[in-house]
Amino acid sequence: MKQPFRIGVSPDYYTEARESLDAVVSATLAGVEGIVVESMGDLPGLVATPESLNRFDAIFALAVHIKADSLAGVDRPAIVARWGVGYDRIDVEALTAHDVALSITPNSVRRPVAEAIFTLILALAKNLPEQDRVARQGGWRGNLSRLGVSIQGTTLGSVGCGNIGQEMFRMSQSMGFGRRIAYDPFVSQDQVRDLGVELVDIDTVFRESDFVTVNTLLNKNTEGLVTERHLRLMKPSAFFVNTARGPIVQHDALVRALRENWIAGAGIDVFPVEPPPKDDPLFSLGNCIVAPHAMAWTARLMLDNGTEAANNVLAVSRGELPGGIVNRDVVDRPGFRAKLERFR
Amino acid sequence: MKVAVPDDAPPVMAPSAAWAPFAATHDVAWFDTLPADSEELIARIAGAQAVINIRSSCRFTESVMASSPSLRMISIWGTGTDNVDLDAARRRGIRVTNTPGVAAASIAEHCLALMLAVARRLIPVDASVRRGEWQRGNSVQLAGKTLGIIGLGAIGRRFAQLGSAIGMRVICWTMNPNPALGFHLVPLDEVLRDADVVSLHLRLSGKTHHFLGAAELARMKPSAIFINTARGPIVDEAALIGALESGQIAGAGLDVFEQEPMPPGHALASLDNVVMTPHCAGITPETLEAGLALALSNVDAWMEGREQNVVV
């Protein structure tokens with residue numbers, strides 16, 4: 001008889017996403033013969049250990065760290081399946097070296113994140129937090145520091161034009177924006193021409209956009225990518241939105257840009273360290289909106305993420321290639337092939 | 001011909017780009033305070049043939065018209081006409097114009113902003129993070145949900161487009177249906193029953209006062225969000241507060257209220273499932289300029305015998 005296919009669940013699911021996990025397990029995995037779903041157990045610092053990984057054939061990863069040390073001597077798992085699209089907590093090269101595929105869930109994430117970006121863009125444009133505060137206190141228009149501005153004819157810009165950036169531009173098509181511009185060294189003009197997006201250099205995105213959004217993944221090349229110099233290029237009337245990853249932006253520079261009114265405002269869902277320190281200077285500034293890396297975290301998103309991740313894992317359990325593979329070079333490695341063969 | 005602006009308070013007309021050339025070429029009486037009562041309003045517009053009305057708190061009743069025999073034309077800045085007795089104006093042959101269209105795009109954007117902010121609980125989430133909390137609760141995704149539009153004027157039509165842009169299914173009910181416009185028209189009850197977001201875009205009149213009351217709110221889904229950027233009294237506000245407090249509906253985004261400004265300590269002010277703004281959806285720097293210029297242009301057009309934007 002075939003061995004059961006064991007899926008290890010990183011322990012943060014049980015505190016952060018219990019309902020979604022239960023729903024995905026019962027809807028997508030419970031009916032499949034031979035699948036066992038089990039917690040990886042306590043992980044100090046949420047860092048995976050070799051013992052915790054090697055008990056499983058697949059791992060569901062929420063915010064767990066998988067470092068090179070985590071993989072020492074690890075030979076059993078065939079896939080780490082992220083619920084989501086970021087993988088800055090995971091050492092991709094080390095996974096490949098241990099013949100483990102890394103999968104993400106781009107199809108589930110792009111819509112909710114793009115919707116979250118527009119939530120922040122519009123709330124900033126319309127000055128919603130201040131307007132709400134003034135109206136609640138019995139004040140009226142005369143008490144506002146500024147009225148809302150219209151997005152009609154404005155320029156929407158993006159640092160990064162991949163999965164999420166392209167979805168944002170797709171949704172923006174009938175919203176009345178004027179120009180749509182993006183910087184992305186890995187995308188060609190032909191790929192985004194139909195979306196009406198003009199690829200430009202990064203300085204142009206900052207200099208000419210009324211709304212600068214960040215839609216790139218975090219890696220060695222993008223850490224600290226957005227500097228004081230970029231923020232100083234922005235118009236004083238422009239807004240900055242980051243729903244990608246905090247470390248992409250030099251936080252001190254962002255704080256100064258807002259405090260000294262280089263820019264009109266910012267919508268910030270992600271921080272250099274999460275949770276951020278309670279005295280993060282952004283929290284005392286009136287021209288920004290802050291959120292707990294959850295702007296896109298809707299009930300629907302977690303279900304969709306989990307279902308997409310579960311299907312990636314199920315493909316592996318049948319000995320097939322999963323969708324959403326990040327480390328494509330793992331596919332041709334004999335060690336990985338041998339693992340898939342075992343599940344056929 | 002004399003033109004009076006009895007209510008430019010706080011001033012928006014005087015600082016606008018269009019005002020200086022108009023004032024230089026017309027006989028104008030301009031006031032930067034609100035008239036205290038109808039006697040003061042009558043005194044301010046005495047002798048004027050045309051009046052430019054800036055604030056909706058300034059009311060042109062039949063008795064104001066009766067006491068202003070030279071008055072021939074009222075140019076309203078904005079689209080709402082509820083502060084002018086239109087029947088009396090019609091009987092007395094007084095032309096009333098407004099400035100439709102200029103603010104439609106901004107108001108529709110404001111509806112989108114309110115809808116997204118309520119669905120994502122943006123205001124309480126921002127406050128919670130500032131307090132040092134990190135509560136990553138689930139919020140609501142709108143893509144795939146149903147937007148119900150009540151009233152397909154310029155604003156309702158534009159908001160329907162924006163709803164489609166973010167992936168919502170859009171259903172509509174309107175007083176004067178025109179299937180040629182291509183919207184998915186359904187009975188009002190169906191909008192209330194099926195929509196995840198109900199947005200109101202009717203004109204306030206005798207027919208629409210408390211158009212939505214307790215019975216209509218009770219038909220909405222418990223997960224529904226209600227948006228009103230039209231006029232406060234179209235909804236029975238006490239019933240709305242009840243529905244929001246009891247969880248009969250999930251939340252609301254409101255730019256208009258039965259009493260404006262809202263008095264301090266108002267019951268809505270303590271509800272964290274509401275995002276509220278001080279009746280400024282249509283007021284962006286761009287729409288201000290465009291609307292004020294149009295209000296002046298309506299006066300000129302009337303004077304030159306080629307009327308435009310006539311309400312009655």
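**Exercise 1. Which residues of H6(A) are buried?**

Start with the list: Leu128(A), Pro129(A), Gln131(A), Asp132(A), Val134(A), Ala135(A) and Arg136(A) are the buried ones. A residue is buried if 20 or more other C-beta atoms lie within 10 Å of its own, exposed if 12 or fewer, and partly exposed in between, with C-beta atoms placed from the backbone.

Next, take the helix as a whole: 7 of the 9 residues of H6(A) are buried, so H6(A) is largely enclosed by the rest of the structure. Helices (H or I, at least four residues) and strands (E, at least two) are DSSP runs, numbered from the N terminus.

Then look for the partners. In chain A, the buried residues of H6(A) pack against H5 and S12, and in chain B against helix H5 (104–119), helix H6 (122–130) and strand S11 (274–276).

Finally, step just past H6(A), where Gly138(A) has a positive phi of about 85°.

A word on the model: it is predicted, so local features need pLDDT of at least 70 and side-chain atom pairs count only at pLDDT 80 or more, while totals for chains, interfaces and linings use all residues. Residues are numbered from 1 along each chain as its sequence is written, and chains are lettered from A and ligands numbered from 1 in the order in which they are written.

**Exercise 2. Describe how chain A touches chain B.**

Begin with the counts: 48 residues of chain A are in contact with 46 residues of chain B. Two residues are in contact if their C-beta atoms, placed from the backbone, lie within 7 Å.

Now find the elements of chain A that give two or more residues to this side: H5, helix H6 (128–136), strand S12 (288–290) and helix H12 (299–317).

Last, sort the residues on the side of chain A: 26 are nonpolar, 13 polar and 9 charged. Here Ala, Val, Leu, Ile, Met, Phe, Trp, Tyr, Cys and Pro count as nonpolar, Asp, Glu, Lys and Arg as charged, and the others, Gly among them, as polar.

**Exercise 3. At what angle do H5(A) and H7(A) pack?**

Two packed helices are described by the angle between their axes and the distance between the axes. Helix H5 (residues 106–125) and helix H7 (residues 163–172) of chain A pack at about 55°, and their axes are 8 Å apart. That makes H5(A) oblique to H7(A). Angles under 35 degrees count as roughly parallel, over 145 as roughly antiparallel, 65 to 115 as roughly perpendicular and the rest as oblique.

For the contact itself, residues of H5(A) including Val109(A), Ile117(A) and Phe118(A) meet residues of H7(A), among them Ile164(A) and Met168(A). The contact of H5(A) with H7(A) divides into 9 nonpolar, 1 polar and 3 charged residues.

Notes:
Axes fitted to C-alpha atoms, helices over the stretch in contact; angles between N-to-C directions.
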